[in-house]
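Open the model in your viewer and keep the selection tool ready. The tour moves from stop to stop, with something to select at each.

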Amino acid sequence: MNEFDLIRRYFTRSAPNAVLGVGDDAAIVRPSPGCDLHVSVDMLVEGRHFFADVAPRALGHKTLAVNLSDMAAMGAVPRWVVLSVALPTMDEAWVAAFADGFFGLAERYGVAVIGGDTTRGPLTLSVTVFGETPHGQALRRDAAQVGDDIWVSGELGLAALAVRRRLKGDVAPPVEVMAAAQQRLDWPTPRVELGQALLPLARACLDVSDGLAGDLQHILERSNVGATLNFDELPTAPWLAERRRELSDCIAAGGDDYELLFTADPGQHDAIAALANQLGVRLTRIGRIDAEAGLRVTDAAGQPLTLTRMGYDHFA
């Protein structure tokens, strides 16, 4: 099988929402009337973003999920993706399983693959995703205001627990906790529906990919504000909650959560609580936006805490 056979067999699907999909020098898309077009790219490199022995179907799912999460963070509807893959060998069984995971998630959200590239090289996966929001309504990092509540979806720390167990081996969770942690690491759920539902409720928003504390800093810097974070309110799994101080790096700075971190006017509290019930997604108020620059972390009694680290560094 050569490069073009591989593309035709595993990565060419119909793209009814595009003018022209895979097969030409460039794809052609037509954004919906009255919408702004969003473009984002993420690259996953073996040994840096995932372990070499990860199941290819799970890797296919995650490769797309982390990109859909970027669209969710802005309240965008994901429409099209371009996929580029560097493969060390032409392993058809591996590619078939990867494509199954990738397209399984794409079909769930009506996302079309409209192009890309393949080559031989160290296993590297790059996706460019395109999405849409109604004109001028996107959630952005620079929109937080003093007095806003800070919220986060879901639970934090399980994916980081799986990574820590693998790299350090200094924690020994029960089998069922490790199974949940591995599932969260390998099969993240992009909060696409939540992001779109937050358009009329939230101000600033981003997805938690590199650790909550570090990612929150991006909102603070772009919005020229500060924040006070209640560490004891950070939502996590019960086993982690019982070891909150010991495993603070997993909960507050671990990364790979792909939850939405957003700010909202306190007057939206009841509407956000109702949205959590409507979507069946846990939404937790974890702090407030302040006028004083910087991030302050406290316990439930208001006493200051110091985090051992803030987030994942891709060049560390």
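Helices (H or I, at least four residues) and strands (E, at least two) are DSSP runs, numbered from the N terminus.

This is a predicted model, in which local features need pLDDT of at least 70 and side-chain atom pairs pLDDT 80 or more, while totals for chains, interfaces and linings use all residues. Residues are numbered from 1 along each chain as its sequence is written, and side-chain values use heavy atoms, leaving out hydrogens and water.

Two strands pair if DSSP finds at least two bridges between them.

Select E5 (149-153) and E8 (259-264): 4 bridges join them in the antiparallel sense. Ile150 has Thr263 in E8 as its bridge partner.

Next, pick E7. How many of its residues are buried? The count is 5 of 5, where buried means under 20% relative accessible area, exposed over 50% and partly exposed in between (1.4 Å probe, protein chains only). Gly226, Thr228 and Asn230 point one way, Ala227 and Leu229 the other. E7 pairs with E9 in the antiparallel sense over 4 bridges, and Leu229 stands opposite Gly287. With E10, E7 runs parallel over 5 bridges; there Asn230 has Thr298 as its bridge partner.

Move to the aromatic cluster: Phe11, Trp94, Phe98, Phe102 and Phe103. Rings of Phe, Tyr and Trp (its six-membered ring) pair if their centres lie within 6.5 Å; planes under 30 degrees apart are stacked, over 60 edge-to-face, the rest tilted. Trp94 and Phe98 are stacked, 5.4 Å centre to centre with 10° between the planes. They sit 4 residues apart in helix H3 (92-108), about one helical turn. Phe102 and Phe103 are 5.8 Å apart with planes at 70°, so they are edge-to-face.

Finish with Arg13. Its charged end sits over the Phe103 ring, 3.8 Å from the centre; the rule asks for NZ of Lys or CZ of Arg within 6 Å of the ring centre and within 35 degrees of the ring normal.
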